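Please have the sequence and the model open while reading.

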Amino acid sequence: MTPSITLRMPHALPPEHRERLLRVAREVGFRQGARLFEEGGHADRFWIVRDGTVALDMHVPGHPTPVIETLGEGDLVGWSWLFEPYVWQLGARAQTPVRAYEFDAVAVRLMCDDDAEFGREIGRWVGRVLSHRLNAARARLVDLYGTSTSGGVR
Amino acid sequence: MTAVPVPYLVVDRRRETEESVTLRLEPVAEALDDFAPGQFAMVHCFGRGEIPLSVSSVQTTGGLAHTIRNVGAVSDGLCAARVGDLLGLRGPYGTSWELDRARGRDVLVVAGGIGLAPLRPLILSALAEPEAYGRVSVLVGARTPGDLIAREEIESWPTAYTRVMVDWPDKEWRGDVGVVTQLLGRAPFDPAGTWAFVCGPEPMIRATARELADRGVPKERIRVSLERNMRCATGHCGHCQLGPLLVCRDGPVAGWDVAEPLLSVREL
């Protein structure tokens, strides 16, 4: 069993804004291994994962492309679409078959410009996602599992 | 309970990772009292000393299992033990996970690295009575795929949701990448009606418990396992003191409502 988008989204956006956003969503699917976007490309779309896993990766010259993070059900894929210069900071690949809601970034940005309250809520939502991912990245920097001792009393 | 180590025979030895093994033990004569998941034994390696180890398996025969990571002289001796070797055990000591308090509720298990070992009997107990609990979810995090224990067994558990996440994947890894706290947003549980059981290094426990509390799980229902330097295991020597707690007696398992303020104090 996996948590549904409808369960997850209330934590992200108020219902009226969530429904408004979902009205412009398009249901899409990606086969395993398909690229959603490439690092350095124009960020003209974003996605919310319904099923499956998306791997974010980074190009390292002369080395295999390392996976930085994986995103799953209910996760937002892509935030570069909201901030100039609208350029993807990482690449993304479907690690498994993926079903997602796809959004046209230009259309959503125009909706944000037209309705300040909607725009504020979208900004807060993406900000919370970014904050969460920044905290996760910091936790990985300090090596969350690195201070374990004998495996003793725990 | 006895203060004198009771002889146990190593009847099986399984390598879990490059630096950890699981030993299955059977009593030579009389067995110690039954252990509850979360409790620990003082395990004596003859000629080296003894260390506290939580049980990673409890059998009806009086046998039990410990998963040990090789990080010091005693754990090195235990990891080197072979089938047929004798060890000394005393116990059971400390508090248990108290899984029974979660009856009728969702059960969320979050483990970091070898911290899965003390949670394993709790998971098996919950899965053995599927009608007694709500959704059982298991989230496992580790630094690398090589640090994961019980990998095949994890996949066989009939939970509502099981995910394994590593910080640093290798070339073969096809699973999730990130920190285990990122899985909390994906697991199916009702925060207000959930009991969470968390075990791993303390930084991982803190990060996980804080996020669970932020998501609405009552702090007293977030059960964490603490680790301190234990010697006597009977609450007399004070080596394991953590503020007002003697972890060997008042722990190792405690509610986050009790543990959080103690783990927030610098140099405590």
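Helices (H or I, at least four residues) and strands (E, at least two) are DSSP runs, numbered from the N terminus. This is a predicted model, in which local features need pLDDT of at least 70, side-chain atom pairs count only at pLDDT 80 or more, and totals for chains, interfaces and linings use all residues. Residues are numbered from 1 along each chain as its sequence is written, while chains are lettered from A and ligands numbered from 1 in the order in which they are written.

**Backbone features**

Most residues other than glycine have a negative phi, and most peptide bonds are trans. The table lists exceptions.

| Site | Feature | Value |
|---|---|---|
| Glu84(A) to Pro85(A) | cis peptide bond | omega about 10 degrees |
| Gly251(B) to Pro252(B) | cis peptide bond | omega near 5 degrees |
| Ala150(B) | positive phi | about 50 degrees |
| Ala233(B) | positive phi | near 70 degrees |

Pro85(A) sits in the loop between β6 (76-77) and β7 (91-94) of chain A. In chain B, the loop between α5 (247-250) and β16 (253-255) holds Pro252(B).

Ala150(B) belongs to the loop between β9 and α3 (151-156) of chain B. A residue is buried if 20 or more other C-beta atoms lie within 10 Å of its own, exposed if 12 or fewer, and partly exposed in between, with C-beta atoms placed from the backbone. Ala150(B) is buried, with 20 other C-beta atoms within 10 Å. Ala233(B), in the loop between β13 (222-225) and β14 (241-242) of chain B, is also buried, with 26 other C-beta atoms within 10 Å.

**Contact between the chains**

Two residues are in contact if their C-beta atoms, placed from the backbone, lie within 7 Å. Chain B gives 49 residues to the contact and chain A gives 31 residues. On the side of chain B that touches chain A, the elements that each supply at least two residues are β4 (49-54), β6 (64-69), α2 (116-128), β9 (136-142), β11 (176-177) and α4 (202-214) of chain B.

**Domains of chain B**

An automatic or database domain assignment gives the domain bounds. Chain B consists of domain 1 (6-93) and domain 2 (99-263). Taken over C-alpha atoms, the centres of these two domains of chain B are 21 Å apart. Their contact takes 17 residues from domain 1 of chain B and 17 residues from domain 2 of chain B. On the domain 1 side, the elements giving two or more residues are β1 (6-17), β3 (40-45), β4, β5 (57-58) and β6 of chain B.
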